[in-house]
Amino acid sequence: MPKTALLKLDEKEYPLPVLEGTEGEKAIDTRTLRAASGYIAYDQGYGNTGSCESNITYLDGENGVLRHRGYPIEQLAHYSDFVETAYLIIYGELPNPAQRKEFGQRLRRNSPVEMQMQKILEGFPTAASPMAMLSAMMSALPAYYPELATNNFEKDLRNFDMAAAIAISKIRTMVAMIYRYTHGLPFVFPKRDLPFCDNFLHMMFSDPYQDYEPVAEVSKALNLVLLLHADHEQNCSTSTVRMVGSSAANLFASISAGISALSGPLHGGANVAVMQMLQSIHDEGDDGTRFIAAAKSGSKSKRLMGFGHAVYKNFDPRARIIGEACDTLLKRLGIDDPLLHIAKKLEEAALKDEYFITRKLYPNVDFYSGIIMRAIGVPMNMFTTLFAIGRSPGYIANWREVASNPKGRIYRPRQIYMGATQRDYVPLNQRT
Ligand code: ACO
């Protein structure tokens, strides 16, 4: 017998179906509520609203659990790599050797970015936001692949495998191009024989006379950073991808919207905000003590960046993994980064502090990811673009779920109107 919730309102009763996910998450289905009662469910920011059913990622914020297609993030971080995890997230299963090989080849074949696209970049001032450039380049892709990006779900799904490979592979090339352009350096073409992360490092750091020499520790750390960002349930940018995709917009247009959502400092831009915070603490000669005291004021502008999470209220499992990887990488490369010392001090102090304990504020994935990227040689203004490369499999898998849902409908929330009630228009010459 299916479970039902009973809502009593104005002396009337409304039975509402109860849904249960495979991991026991429960939800009250309010889809019929407005038609039956005239009421809508109000949930500013959607913090308590399930916007979809999904088979991709399971996240239990209270217990610090994150699994992609059932596989714990700890196991993927330990045994897998970014490309394999991307396949898993997009296609639902770990690839067998033939599938892994074919996927790798598909990515390699699609790594170059069309020459004309350089012109899009060159239209930007070199000091422009790399995320704005990335979003613009991604939104231009449909123009180069009209047969894959028709804004018709049926047709776009037929060409999904190719579009997915283009999106993941080219977003990486675009990020490298943006780096070269903003630093006044000539573009470096991808090489077919290099693995995904080494190819990215080659396009970023090779110069005309000397190819970048891959360093195993650096490739491993980059792989991990990308893998840990590969998907994260219905976060702000992934929900944006789903929302835009629900209008039957093509994959590239939907990802471009996701990149814009990711650019904000409360989301993907947090890794930059963390580094700016650490740098200013360092520049002011503070060891973190003064900053922690100020962060407790409740002012949004003084928050301890890289701490707290909208859903993790215990710990962010990715933060543990990345914190350890950060230590390992810096030791192996022999880097003594004063910002790492400050970060450790902040973490230690905050985890003992009543303010942070009672509000369940713990380090999130961004707290250490910036220090790793800095050690790799990625400048701060490019950090969020690397997050976007990492998150691309999640965007793609979520777009596909929306596009292939036969019962799907356009995302269209409602609101509670709080503005002026009806009034009559006053001509300009009669207004004071
Ligand atoms: N530093 C100090 N105080 C904080 C912080 C912080 N980083 N985060 C939350 N608080 C406080 C709030 O002031 C509030 O206090 P109050 O109850 O006394 O009013 C309480 O904790 C709850 O804060 P909310 O904003 O309601 O928490 P929410 O879960 O909505 O926000 C968010 C989560 C946006 C991530 C927040 O913790 C934050 O701004 N953190 C810093 C930015 C950051 O690191 N973002 C990255 C997120 S991870 C990602 O996108 C990959």
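**Basis.** I am working with a predicted model, in which local features need pLDDT of at least 70, side-chain atom pairs count only at pLDDT 80 or more, and totals for chains, interfaces and linings use all residues. Residues are numbered from 1 along each chain as its sequence is written, and side-chain values use heavy atoms, with hydrogens and water left out.

**Ligand shell.** I looked up which residues surround the ligand and found 19, where a residue is near if one of its heavy atoms lies within 4 Å. The closest are Arg303, Leu304, Gly306, Phe307 and Tyr355. I then sorted the shell by class and got 10 nonpolar, 5 polar and 4 charged residues. In this scheme Ala, Val, Leu, Ile, Met, Phe, Trp, Tyr, Cys and Pro are nonpolar, Asp, Glu, Lys and Arg are charged, and the others, Gly among them, are polar.

The side chain of Arg303 has an N or O atom 2.7 Å from a ligand oxygen. For Asn364, a polar side-chain atom is 2.9 Å from an oxygen of the ligand. Leu266 uses a backbone N or O atom, 3.5 Å from a ligand nitrogen. The ligand alone exposes 930 Å², and the protein buries 72% of that (Shrake-Rupley method, 1.4 Å probe).

**Domains.** I noted domain 1 as 94-264 + 382-404 and domain 2 as 270-376, with bounds from an automatic or database assignment. Their C-alpha centres lie 28 Å apart.

**Between the domains.** I counted 0 salt bridges (a side-chain nitrogen of Lys or Arg within 4 Å of a carboxyl oxygen of Asp or Glu). I did find 2 residue pairs in polar contact across the interface.

Note on methods:
A polar contact is a pair of N or O atoms within 3.5 Å; within protein, one must be able to donate a hydrogen and the other to accept it, and residues adjacent in sequence count only if both atoms are side-chain atoms.
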